[in-house]
Amino acid sequence: MTAALEMIAVNADLGGRPVLRDVNLRVDTGEFAALLGPNGAGKTTLIRAALGLIPLRGGTVISSGAGYVPQRHEFSWDFPASVEDAVLSGLVRRIGLFRRPSVAHWQAVWAALDQVRLADLRKRPVGELSGGQRQRVLVARALVVSPPVLLLDEPFTGLDMPAQENLTELFTTLAKERAVVMATHDLAAAAYTCDTLILLNRTVIATGPAADLKDPAVWMETFEVGPGSHLLKALSLTPAGA
Ligand SMILES: Nc1ncnc2c1ncn2[C@@H]1O[C@H](COP(=O)(O)OP(=O)(O)OP(=O)(O)O)[C@@H](O)[C@H]1O
């Protein structure tokens with residue numbers, strides 16, 4: 001197995017307060033990993049640290065290049081751009097702000113749109129797209145540089161079941177050739193679909209395939225819940241003595 005992303009003893013602060021504490025993880029090419037944890041656990045911060053967008057207080061991130069799919073509300077959908085322009089914006093750093101894209105750049109855009117099955121909508125204004133289609137645009141925008149790691153921040157929020165299932169199928173396909181790491185609150189979908197679950201609460205509490213994470217204590221510690229929690233019932237886990 002080839003490591004596509006490794007974080008070794010990573011510590012990171014925000015606003016002078018420690019957020020990530022001694023985070024160690026490794027995700028391999030071909031692996032679809034879910035990043036799970038309660039609000040404020042540090043999922044977005046971990047993704048930003050993996051991308052080199054925030055300074056580390058300690059530790060190391062090793063990656064040969066990561067593509068970032070932000071939460072949908074972070075993108076300006078009312079900007080008058082077409083689908084292909086939005087995807088092209090993923091190449092801004094390569095092209096430079098004021099240079100014209102080359103034929104090769106456009107070909108990379110169209111290939112990314114093909115991968116997310118949006119080629120037919122390439123001239124459509126982004127403001128006219130559904131939530132699921134917008135999510136695909138953001139995925140294509142990250143894929144346009146062919147990153148070995150794709151980092152997705154809560155891609156399912158606000159989407160209906162068919163859209164979620166279509167995206168899950170897409171992410172599973174994309175994970176065949178790269179590593180995919182998805183922060184999500186959808187535990188059931190993650191447990192069912194992902195190869196690996198990373199349980200995070202400021203540090204990695206446990207990691208492994210869902211079938212190996214049967215100790216209720218690690219879920220209780222991650223989500224800060226007690227033994228009577230619905231979470232454990234939903235996961236069919238019974239704490240000792242309960
Ligand atoms: N710019 C900032 N300055 C100071 N603290 C911040 C900043 N951004 C986030 N935090 C804090 O860092 C912690 C981790 O936030 P983060 O957004 O990474 O969590 P998360 O797991 O992605 O949460 P959610 O599930 O709610 O999206 C939270 O306590 C948050 O309040």
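The model is a predicted one, and β3 runs over residues 32–36. The strand β7, residues 179–183, pairs with β3 in the parallel sense over four bridges. Strand β8, residues 196–201, is also paired with β3, in the parallel sense and over four bridges. In β8, Thr196 is the bridge partner of Ala33. The table sets out these two pairings.

| Strand paired with β3 | Residues | Sense | Bridges | Bridge partners |
|---|---|---|---|---|
| β8 | 196–201 | parallel | four | Ala33 and Thr196 |

Which residues of β3 point one way, and which the other way? Phe32, Ala34 and Leu36 point one way, while Ala33 and Leu35 point the other way. Residues on both sides are buried. Because five of the five residues of β3 are buried, the strand is largely enclosed by the rest of the structure. A residue counts as buried here if 20 or more other C-beta atoms lie within 10 Å of its own.

The ligand is surrounded by Leu14, Gly15, Arg17, Val19, Gly37, Asn39, Gly40, Ala41, Gly42, Lys43, Thr44 and Thr45. The largest share, three residues, comes from α1. By class, the shell around the ligand has seven polar, three nonpolar and two charged residues.

Notes
Residues are numbered from 1 along each chain as its sequence is written. This is a predicted model: local features need pLDDT of at least 70, side-chain atom pairs count only at pLDDT 80 or more; totals for chains, interfaces and linings use all residues. A residue is buried if 20 or more other C-beta atoms lie within 10 Å of its own, exposed if 12 or fewer, and partly exposed in between; C-beta atoms are placed from the backbone. Helices (H or I, at least four residues) and strands (E, at least two) are DSSP runs, numbered from the N terminus. Two strands pair if DSSP finds at least two bridges between them. A residue is near a molecule or strand if its C-beta atom, placed from the backbone, lies within 6 Å of it. Ala, Val, Leu, Ile, Met, Phe, Trp, Tyr, Cys and Pro count as nonpolar, Asp, Glu, Lys and Arg as charged, and the others, Gly among them, as polar.
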